[in-house]
Amino acid sequence: MKRSVHPKKEVEKAIQHAECQGWRIKVGGGHAWGQMYCPFNDQECRCGAFCIASIWSTPKNPEAHARSIRRVVDNCAQQQTRQRAQPIGD
């Protein structure tokens, strides 16, 4: 089933970046627009928080919220480990 589009285009692009890296997006729940879940679900990653991040529906600064989403995805410990292990040219 296709998820709904985030109302802020900057945040939507960051969500698409997360999806391209394998992150799962769950729309709805509480005060957030949704949550994103790391594909690795590793206890070592992000101090045992299992790489779960909230996506706000109406952030005060959409650009900053989009950057923080990208930062969570790009700083995932398992993602970085796998990227370092890839041989050059792949």
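**Exercise 1.** How many bridges join strand β2 to β3, and do the two strands run parallel or antiparallel?

*Solution.* In this predicted model, begin with strand β2, which covers residues 34-37 and is joined to β3 by four bridges, the two strands running antiparallel. For one of these positions, look at Met-36, whose bridge partner in β3 is Ala-53.

**Exercise 2.** Work out in which order the strands form the sheet, and which of them stand at its edges.

*Solution.* The open sheet is formed by three strands in the order β1-β2-β3, with antiparallel pairing. Next, count partners: β1 (24-27) and β3 each have a single partner strand, so one side of each is left without a neighbour in the sheet, and these two strands stand at the edges. Averaged over the sheet and ignoring direction, neighbouring strands are turned by 25° against each other.

**Exercise 3.** Find which elements give two or more residues to the largest nonpolar core, and describe what Ile-15 touches.

*Solution.* The largest nonpolar core has 17 residues, and those with the most contacts inside it include Ile-15, Trp-23 and Met-36. The elements giving two or more residues to this core are α1 (9-20), β3 (52-55) and α2 (62-74). Then take Ile-15 by itself: leaving aside residues up to four places away in sequence, Ile-15 touches Arg-3, His-6, Ile-25, Trp-33 and Ile-55.

**Exercise 4.** Which residue lies over the face of Tyr-37, and at what distance from the ring centre?

*Solution.* Arg-24 lies over that face, at 4.3 Å from the ring centre. As for aromatic pairs, the structure holds zero.

Key
Residues numbered from 1 in each chain as written. Predicted model: local features only at pLDDT ≥ 70, side-chain atom pairs only at ≥ 80, totals over all residues. Heavy atoms only, no water. Core = buried A, V, L, I, M, F, W, Y, C linked by side-chain atoms within 4.5 Å. Buried < 20%, exposed > 50% of the residue type's maximum accessible area, 1.4 Å probe, protein only. Contact = heavy atoms within 4.5 Å. Phe/Tyr/Trp six-rings, centres within 6.5 Å; stacked < 30°, edge-to-face > 60°. Lys NZ or Arg CZ within 6 Å of the ring centre and 35° of its normal. Pairing = 2+ DSSP bridges. Axes fitted to C-alpha atoms, helices over the stretch in contact; angles between N-to-C directions.
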